[in-house]
Amino acid sequence: MKDFMLIFIGKDYSQMGLSPEEMQNRMGKWWGWHAKMEEMGILKGGHALHAEMRHISGPERVVTDRTSTELKEIVGGYYVIAAKDLEEASKVAQDYPDYDLGGTVEIREIMYFEQ
Amino acid sequence: MIDHLFRHQYGKMVSILTRIFGLDHLETIEDAVQDTFVSAMVKWRQQIPENPEAWLTKAAKNRAIDLLRKIQSNNARLSKLDSGPSAMAIDRLFLDNEIEDSQLRMIFTACHPSLDPKDQIAFALKTIAGFSTKEIASALLLKNETVKKRLSRARRVIKEQNLQFSLPDKVHIIDRLNRVHRVLYLIFNEGFHSNHPEMLIRKDLCGEAMRLNKLVLSKEFLRTGSGYALFGLMCFQASRLESKVSENLEIIDLKNQDRSKWYFPLIQLGNEAMHRSLDFKDHSIYHIEAAIAVVHLTAKSYEATDWPKILTLYQKLFDIQPSPLTRLNIAFIQLQLKNYGEALQILEEVSPQELEQRAYLYYGLKAEYLNTTGQINNAIDCLDQALGMVTNNIEKNYLLRKKNSLIALNN
């Protein structure tokens, strides 16, 4: 088994004009997915991320405070799961609830240092 | 989690915050409440709080205090006056009883006579029932832009006329209550009659109208015979909502509905409401419409329907509220009673133009008359006319099926 990070990339929810009802339904889908992964015993961790962000870049360490609302795409959160290979991890990612909102899942294998 | 928790909680929060900060800040308030749900949706992704409702209420309270600070600091800069409510007063407004009171204020605001009736429905669905613009457009089969216009017109009128977020005084309460009933009746009918392709949306509209009506009836000073009769009517109609549409979305008319599918607990609830309505002296069209619904519900089969009784009730309805649609209904009943002459007379007196976008109903009924009196070719022509006017696909299919069965008969 290897570990994979599923990284969720898309627009900020607050920019989508979702109705309360849609939000409740969407949350139900996230719970469903979360519960399914826990039942399979493959979920190793993960979090949603706050919308406020700070970018530091370049040798001058230029600091820019951004709000998610200015950006077309942000990383909204991630899960770490155990899977045999990329194929199997992709199958798990099929249940990500936000494809219909234009969301993307980036799947990356976690690199562990071997002695 | 409870169905529609977010939607209903949205309405509650907007009402409470409007009570605290006034209708002037409505847009800011709606945005703030929307943000609360966005953050709940993300935060709850991993784990549902033990009591989601309490979590949301607490979040709304925090929002209120944030807004209060913001508005107070603006006020302080402008006039050095601290006119806002205290944090303690805010706490009090989050008690159950006060939440209901705030929601009622919002219902009465939505039904204020200064607002256009069309705007009232959109505004009520948005601020009380927590529908988004898109959901209102979809539910009422309108364009998104139309709904946006209606909402902003309602907000503008509220601002320009400086409407207060309060319940009407004793002198005006009956008039305003009538308007509230009217709006709830219209929202219900949008769900019941619209033939919206999605059953879920139709149930939502009917459910919201019933929930709000119940809220009104929960306060003793707002109880009237009309209110109870309206609730009874809603229960009776809702009991057969499921049996009106088949699995492949075809309309099933009353004649062909499976009567065993009518939902009995709702009929019982309706009966109870009608009994309560007897404790009051006022009488309304809702009493008559409920009585008509009861005649249908108590008939063992379509053939066993007590049409003479329904005819009397429709004539009463027409006396109180004359409308071409009621006349068409009377013509339909005359047809069931085989009073062809009377039916024809009404068809000759009513002009389809009076029915505006429902003119196809006129041609549908005329076709029915022609068919039963053996004029099948003319009946088919009439159905063609109806088909040329109807916009809703489900109704179009219904008429097409009728037409095809007539053509088959004719061959």
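## Helix 8 of chain B

Helix 8 of chain B runs over residues 144-160, a stretch of 17 residues. The model is a predicted one.

Val147(B), Arg150(B), Ala154(B) and Ile158(B) are buried. They lie on the same side of helix 8 of chain B, because they cover an arc of only 70° around the axis. An α-helix has 3.6 residues a turn, so residues three or four places apart point the same way. On the other side of helix 8, Glu145(B), Ser152(B), Arg156(B) and Glu160(B) are exposed.

What do the buried residues of helix 8 of chain B pack against? Their partners are helix 6 (117-127) and helix 7 (133-139) of chain B. After helix 8 comes Asn162(B), with a positive phi near 50°.

## Chain B as a whole

Chain B has 411 residues, and 36% of them are buried. Its secondary structure counts 19 helices and 0 strands. The C-alpha trace spans about 85 × 45 × 40 Å along its principal axes.

Three domains are assigned in chain B. Domain 1 covers 1-94. Domain 2 comes in two pieces, 97-186 and 197-206. Domain 3 covers 223-302. The centres of domain 1 and domain 3 of chain B are 38 Å apart, taken over C-alpha atoms.

Contacts in chain B also reach across the sequence. Among those between residues at least 6 apart, 60% join residues at least 24 apart.

## Strands in chain A

Strand 1 of chain A (residues 2-10) pairs with two other strands, strand 5 and strand 6. With strand 5 (residues 74-83) the pairing is antiparallel, over 9 bridges. One of the bridge pairs is Gly10(A) with Ile74(A) in strand 5.

Strand 6 of chain A (residues 104-109) also runs antiparallel to strand 1, joined by 6 bridges. Here Ile9(A) stands opposite Thr104(A).

## Where the chains meet

How many residues does each chain bring to the contact? Chain A brings 14 and chain B brings 20. On the side of chain A that touches chain B, helix 1 (residues 20-40) gives the most, with 9 residues. By class, that side of chain A has 7 nonpolar, 5 polar and 2 charged residues.

Note on methods:
Residues are numbered from 1 along each chain as its sequence is written. Chains are lettered from A and ligands numbered from 1 in the order in which they are written. This is a predicted model: local features need pLDDT of at least 70, side-chain atom pairs count only at pLDDT 80 or more; totals for chains, interfaces and linings use all residues. Domain bounds come from an automatic or database domain assignment. Helices (H or I, at least four residues) and strands (E, at least two) are DSSP runs, numbered from the N terminus. The expected span of a helix is 1.5 Å times one less than its number of residues. A residue is buried if 20 or more other C-beta atoms lie within 10 Å of its own, exposed if 12 or fewer, and partly exposed in between; C-beta atoms are placed from the backbone. The arc is that of the directions from the helix axis to the C-beta atoms. Two residues are in contact if their C-beta atoms, placed from the backbone, lie within 7 Å. Ala, Val, Leu, Ile, Met, Phe, Trp, Tyr, Cys and Pro count as nonpolar, Asp, Glu, Lys and Arg as charged, and the others, Gly among them, as polar. Two strands pair if DSSP finds at least two bridges between them.
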